Amino acid sequence: MRTKAWSRSVNVALLLFFAFCTLYPLYFMLISSVKTNAELQSNFFGLPLDPQFQYYGSSLNKIKTYMSNSGVISAISAIGVLVVSSLSAYAFARFRFYGKDALFFTLLLFLMIPGVLTIIPQFVLVKNLGLINTPWAAILPYIASGQLVTIFVMRTFFEGIPKELFESIKIDGGSEFRCFISLVIPFALPIILSMGLVTVLNTWNDFFWPLLVLPDQQKMTLTVGLYRFMDQQQILYGQVFSAMSLASVPLMVLFSFTMKFFVQGLTSGAIKA
Amino acid sequence: MKPLRLMESRAAYLCLLPTFLFVGLFLVYPTFEAIRISFLDWNLRNYYHPEFVGLSNYREIFNNDVFIDSFRVLAIFLGWQLVILQGISVLAGYLIYLLGTSRFAGFIKVAFIIPMVIPGMVSTLFWLFFYEPTNGMLNMLLGQLGLESWQKVWLGASQTTAIGSLLMKGFPWISGIGFLIYLAGFQSLDESVRESARMDGASGWTVFWRIDLPLILPQLKLTTILVLIGGIQQYGDQYILTKGGPGYDTTVPGLFLFNNAFNYGKLGIGSAAGVTLFLIIALFTVLNLRFMKSRT
């Protein structure tokens, strides 16, 4: 019994240590976001003695354009992914048609095309289409690559919907479209939500693609904007840290309301795909 | 019956049309283009008149020490990710699982999930600051401990410190979906199996190696191949923290590709590197499928 108590306290101590190391950077970012450069040097680890809250105002001013750019791109990409992939997933789950298995297998193959292979020609393509410095330069490729996993997850989910429910709608004279709108969508809402959140997270965090296709100050996304912030010659640390803190807020808020769906989406995507 | 079937097919194709349009334009066409460009001498000077040069780009990169060495650097990062990062995720998942459903376990779970919703750029920039030579946290900490002689330009002093710093970035590396997947795996085991093993006198260690670990083998296999495929293409940390330096000491193949294509404007060379990486990834995928099949 004594060894059990001992191993439990080692367990708890280890987890506490990991949790501390995980959360400390966030704490440090917050306390440093209101320190001047001089205070950061003299009072590095301590709480701010003379908090400079105005850093938040000035950094918000600088990153609000980036934030709304990222918001537009992530939102449209997520909606696009959901519309396109729910249609395909519905077709694969419900219809019998020629070449069904072959087409599904082809999609599986497409999933294996890696980003490093396509980044150069995709850039040339987007440039030739005249999309550089427009949100579509990011949104269209995001939809193209984000839909595949979503189709697989949704297909499995759609197939689990009892056949009798479809038949009862058909008997009442409902069309296939009716089935899709009033049965499948409400039924699959949790999985739709969670796949949407995964898309938001991926697109919000992407760095290299927006770095390439949205170089204009006014069109830049948040990740690129933050990177440029840290890249300057004279760094005002308080301002950088307050910008980093602000950049974390939108997703924090979004995910604190939807954590359950999000975790479910991530794990089901990884296990089923 | 037959016309109905035809109608159904037509509806299905209509539903699939957007997917295949997107895939065709943004994935399939670029794939063929990548192969074509890899045979071209195409750079900023002759942007409007690229020239077909056969395999010359491939010859050039395979004779390029930076490209060859980048695979050695990559091997270090991949090995680290597969062993240490995976190991820590399994460990974290297991430790939380052992706690059962207490409030403390709930708190720890949340603590590990929060970093997942922090933009990756924010945490990467934090680590850039951590290693920063004059105001950075690591040197500051060493200074306060009286260890000034240990202070270094961590990301630029030598290949050893630069790679070491990149490897330690993100410690304790639990902010992934990994530990959630493993936790779910551990939780799926019937408690009575573990109990009866205990009754037979098995130690906690034996239970872990003989019962719990084999249980998550499917998840472990899946994450291993995902880490491999993702890791081969990864170059974000190197780009942001060290820019591949000092010299080319932390340059990985993906960064070689990116720099050649988008900083030096050598699209042909970059594409040749891209096709090479693609072939390596494809090889791993095929081997993995074979391996999984032969085991089941």
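Me: What does pLDDT tell me, and what is the mean for chain A?

Reply: pLDDT is the predictor's confidence in each residue, from 0 to 100. Chain A has a mean pLDDT of 88, and 95% of its residues reach 70 or more. This is a predicted model, in which local features need pLDDT of at least 70 and side-chain atom pairs count only at pLDDT 80 or more, while totals for chains, interfaces and linings use all residues. Residues are numbered from 1 along each chain as its sequence is written, and chains are lettered from A and ligands numbered from 1 in the order in which they are written.

Me: How many helices and strands does chain A have?

Reply: Helices (H or I, at least four residues) and strands (E, at least two) are DSSP runs, numbered from the N terminus. Chain A has twelve helices and zero strands. Among these elements, α12(A) has the lowest mean pLDDT, 79, and helix α10 (residues 208-213) has the highest, 96.

Me: How do I read the radius of gyration of chain A?

Reply: The radius is taken over C-alpha atoms, and the globule rule is 2.2 Å times the number of residues to the power 0.38. For 273 residues a compact globule would come out near 19 Å, but chain A has 24 Å. Along the principal axes, its C-alpha atoms fill a box of roughly 75 × 70 × 35 Å.

Me: Which spans of chain A does UniProt annotate as "transmembrane region"?

Reply: UniProt positions are given in the numbering used here, feature names are shortened, and annotations may be inferred rather than shown by experiment. The unreviewed entry lists residues 12-31, 72-93, 102-124, 136-158, 179-201 and 235-257 of chain A. In the model, residues 136-158 are 100% helix, with end C-alpha atoms 30 Å apart. Residues 235-257 are 91% helix, and their end C-alpha atoms lie 35 Å apart. UniProt also places "domain: ABC transmembrane type-1" (unreviewed entry) at residues 67-258 of chain A. That span is 79% helix, and its end C-alpha atoms are 20 Å apart.

Me: How many residues of chain A are in contact with chain B?

Reply: Two residues are in contact if their C-beta atoms, placed from the backbone, lie within 7 Å. By that rule, 67 residues of chain A are in contact with 67 residues of chain B. Helix α12 (residues 237-272) of chain A gives the largest share of chain A's side, twelve residues. For classes, Ala, Val, Leu, Ile, Met, Phe, Trp, Tyr, Cys and Pro count as nonpolar, Asp, Glu, Lys and Arg as charged, and the others, Gly among them, as polar. The side of chain A that touches chain B has 50 nonpolar, 15 polar and two charged residues.

Me: Is Asp231(A) buried or exposed?

Reply: A residue is buried if 20 or more other C-beta atoms lie within 10 Å of its own, exposed if 12 or fewer, and partly exposed in between. Asp231(A) is exposed because it has 11 other C-beta atoms within 10 Å. Asp231(A) lies in the loop between α11 (222-230) and α12 of chain A. Over chain A, buried residues make up 41% of the 273.

Me: Which residues have the most contacts inside the largest nonpolar core?

Reply: A nonpolar core is a set of buried Ala, Val, Leu, Ile, Met, Phe, Trp, Tyr and Cys residues joined through C-beta atoms within 7 Å. The largest has 113 residues, and Met154(A), Leu226(A) and Met244(A) have the most contacts inside it. Helix α6 (residues 136-159) of chain A supplies the largest share, 14 residues. Leaving aside neighbours within four places in sequence, Met244(A) is in contact with Met29(A), Leu226(A), Val122(B) and Leu125(B).
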